[in-house]
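Open the model in your viewer and keep the selection panel within reach. The tour below goes from stop to stop, saying what to select and what is there.

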Amino acid sequence: MFAGIDEVDWASMEHAYGPADDVPGLLRGLASADPAEREMALDGMYGAVHHQGDVYACTLACIPFLFELAVDPGVQDRGSVVELLTSIGGFDLDEDDEDEIDEDEIEGAANYAMAAAAVTAGAGVFFELIADEDPGVRLAAPLALATLHRHPVRVLALLRERLPVEADEEVRLALVEAAGRVALRHRPLAGRVADWLSLLAAQAYAPGLRLAALAQLARCAPDVLPGDVVPVVSGLLGELRSTTGTYRNGTAEKPERAERAEPAEKPEKADVGAASATGAGLAPATPPDPEAGAAPQADAAAEAAPDTGPEAGPGPEPESGTGAGAGAPVAEQSAGPTRVGQLRALSAEESAGRSTPWAADLLRTLHVGLDDRVDDRTALLADQLRSPDRWQRVDAVRMSGGLIRAWRGSYDGLVRLIGEQLADPEPRLADAASHVLEELFGLAAPAADALAARLAADPGAWVKAWASGPPGLGSTVKALARLGDARAVPALAAALERSEVPHDVGYAIGHLGAAAAPLAGALRRRLGEVSLDEGAYDRASPLLAGLTGLRAGEAAPEVLRVLRGAPEYRGEWLRTAALRALGSFGPAAQCAVPELRALIRRPGTAAATEAAEALWAVAGDADAVLPVLIEGLRAEHVHDRRTAASALGGLGPRAAVVAPRLRALLAHDELWLRVDAAIALWEVSGRAAESVPVLLAAWEKNRHVRVRVAEVLARMGPAGAGSQAAHVLRAELASVRRHNAMDGGYGSHDTYEDEKLLALCRRALHGKTGKGNTE
């Protein structure tokens, strides 16, 4: 084995973390008899050699040696090697992708193409491996064949031949999944695959196999699904819960059934994506959002506004597969558990106590295939949420969150059932429900009483402490606060008395509005106690956010102290938060006027623009702030120019003189600056003729701008029945897909933002508020 490996010039190649001279050691590690060494090697392959799916020259050089490993019966964990080969060779570059490749991407695209050709050329070995003695190899081989082999008709025939003789239940499911992959990759075969899957779904096979067939039908031929798919799937789930009869080769032999005992308890699976991040595209002077979580996928973040990082909650539901792509640098892997090992441990932890651990993946696949059939999906999830099997309910809660985040619909009944899970004694089920409800904001109203009951029953969960980073509010507290429910106030009051205030307490207070007014005194007191040292921003920002949300003008002296004494470290962020608070207080912050006037003496800086905006809110002195904001329109950074444009719009007709400058920005390269300038132009001139076309063009170009555009359209007054604006608004309301739904990631405020958009669209079409001439 490995003949010629030392003749490859590995040192001349690179992987994700530098020179590839360590790759021979990784390959040999995959053949080791030591499980820990094999795991380290696999982690290195995914983490460096095939980092996040990338293909380097060293990745190409590994392919022959990986095939040697895959076919050698003396090597253990060969299924993982087959999965690695499938990932390396399974990249599809279609004609549309080829048209979009720029010069910097040519080498990478060529590597993908060479990898696909090299692995496909050797894919014949998977025909033999599909009957290998190792069930792990048999589990990985079907998808490898479906993904890589050049003759899909032969692959499909083999899958059908193999199913009756395969003894392992999960391998049988993999054979069915592979058939679905063949249909998706080779559409002329979709009808043939659908016929076979329909037979599997209808005949007297084991319920798991029938469910797998329905899931793949939903993926590749949804029109062939039975009309009563919801009761059929519900019946299969019932069989999975109760069947004790044996199945031979997937076919039922005994009809006897008995109720299965509840699964054993197991430790909680860690939430995916719970780490804090500030989001992509933030300008350096913009403080991170303390409510923000892990950012969604990079493509969506790149579309977002440059001064607002996307917020995310617990990560998306994991999909089936190994998912071992993103590893740490090879040099760091010996310091702790490997990513591959962690993923395996999480998978084992999630499966423990479940009689059919693969059922959740099948249901996720089915839901993806059902796509926009929201009523069917809602009915199916409601049935799952009534299941006596606790783990089916856990899965249903998680999938309900995914459905509501991506699709518009009527969810009151589903939300009420999710709320019922809060009282379950199994903490993982109750926690999953509270996490989903936390992200629903107003849509969580049917579960308000259930949330309040859980909050009262479990004060220990009001605040969550983390191994690193500041504490945060528990999801039940946030869910209730985001409903504007005053029953959250005692929990927030208790949080404000902790030695370290939770980082997101201020935002929760902001959602409560007047109901949280009794907390103003505690916020003011705690802010007055903040030491203005290097840790000042972390300690003060939650308090400032709360005071801003309450517009608590009596706290102006404490806020002014922070503004004056902001330290150098994160001082810009802290001053920004303090200025926003003072601006929200309006005339109640008169004591800050001298300080604000001093800050505007350096026009063109971000601090001067922010201070001018606050001064206008507090003193209404247009003569003082107008020159500063005009100068801000010439700032170097787009973010600062946007701030100035928005502030000028706030002056309304008092800033009419800047209309020509704002008009010139309507053709700027930066979309978000064009939008802010268009809005400000309407606000200062009262005329919409120039602004609306710019806003509608931005609407079509970037979905993340739609809420901001809808807000101003609603303020302009009802859109004319035959206008382009009315057409755009009606089209948005007719769409069942949420405007910000994305594949592979999401933000914790996505549902809130989309529901806000819908409300604004209705207002813009039918409302009677606004100002100015819309002609």
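Begin in the largest nonpolar core, a set of 238 residues. A nonpolar core here is a set of buried Ala, Val, Leu, Ile, Met, Phe, Trp, Tyr and Cys residues joined through side-chain atoms within 4.5 Å. Buried means under 20% relative accessible area, exposed means over 50%, and partly exposed lies in between, with a 1.4 Å probe and protein chains only. Select Trp-10, Leu-27, Leu-66, Phe-126 and Leu-437, which touch the most other members of this core. Then select helix H34 (residues 671–685), which gives the core its largest share, eleven residues.

Before going on, note that the model is predicted: local features need pLDDT of at least 70, side-chain atom pairs count only at pLDDT 80 or more, and totals for chains, interfaces and linings use all residues. Residues are numbered from 1 along each chain as its sequence is written, and side-chain values use heavy atoms, with hydrogens and water left out.

Zoom in on Phe-126. Leaving aside residues up to four places away in sequence, Phe-126 touches Phe-67, Val-82, Leu-85, Ala-141, Ala-144, Leu-145 and Leu-148. Contact means heavy atoms within 4.5 Å.

Now show the whole protein chain as a cartoon. The chain has 38 helices and six strands; these are DSSP runs numbered from the N terminus, with helices (H or I) of at least four residues and strands (E) of at least two. Of its 775 residues, 53% are buried. Among contacts with a separation of 6 or more, 68% are between residues 24 or more positions apart.

Next, select helix H10 (residues 169–185) and helix H11 (residues 190–202). Their axes come within 8 Å and cross at roughly 155°; axes are lines fitted to C-alpha atoms, for helices over the stretch in contact, and angles run from 0 to 180 degrees between N-to-C directions. That makes H10 roughly antiparallel to H11, the word for angles over 145 degrees, while those under 35 count as roughly parallel. To see the contact, pick Val-176, Ala-179, Gly-180 and Ala-183 in H10, which meet Ala-190, Val-193, Trp-196, Leu-197 and Leu-200 in H11. These residues divide into eight nonpolar, one polar and no charged. In this count Ala, Val, Leu, Ile, Met, Phe, Trp, Tyr, Cys and Pro are nonpolar, Asp, Glu, Lys and Arg are charged, and the others, Gly among them, are polar.

H10 and H12 pack at an angle of about 15°, with their axes 9 Å apart. That makes H10 roughly parallel to H12. On the H10 side the contact includes Arg-172, Glu-177 and Arg-181, and on the H12 side Gln-216 and Arg-219 are among the residues. The residues of this contact divide into eight nonpolar, three polar and four charged.

Move to helix H31 (residues 622–632). Eight of its eleven residues are buried, so H31 is largely enclosed by the rest of the structure. Val-625, Leu-629 and Ile-630 are among the buried ones.

Finish in two loops. Gln-52 is found between helix H2 (35–49) and helix H3 (57–71). Its phi is near 50°, a positive value in a residue other than glycine. Is Gln-52 buried or exposed? Gln-52 is exposed, with a relative accessible area of 56%. Arg-570 lies in the loop between helix H27 (556–565) and helix H28 (571–585). Arg-570 has a positive phi of about 60° although it is not a glycine, and it is partly exposed, with a relative accessible area of 28%.

Technical notes. Parallel < 35°, antiparallel > 145°, perpendicular 65-115°, else oblique.
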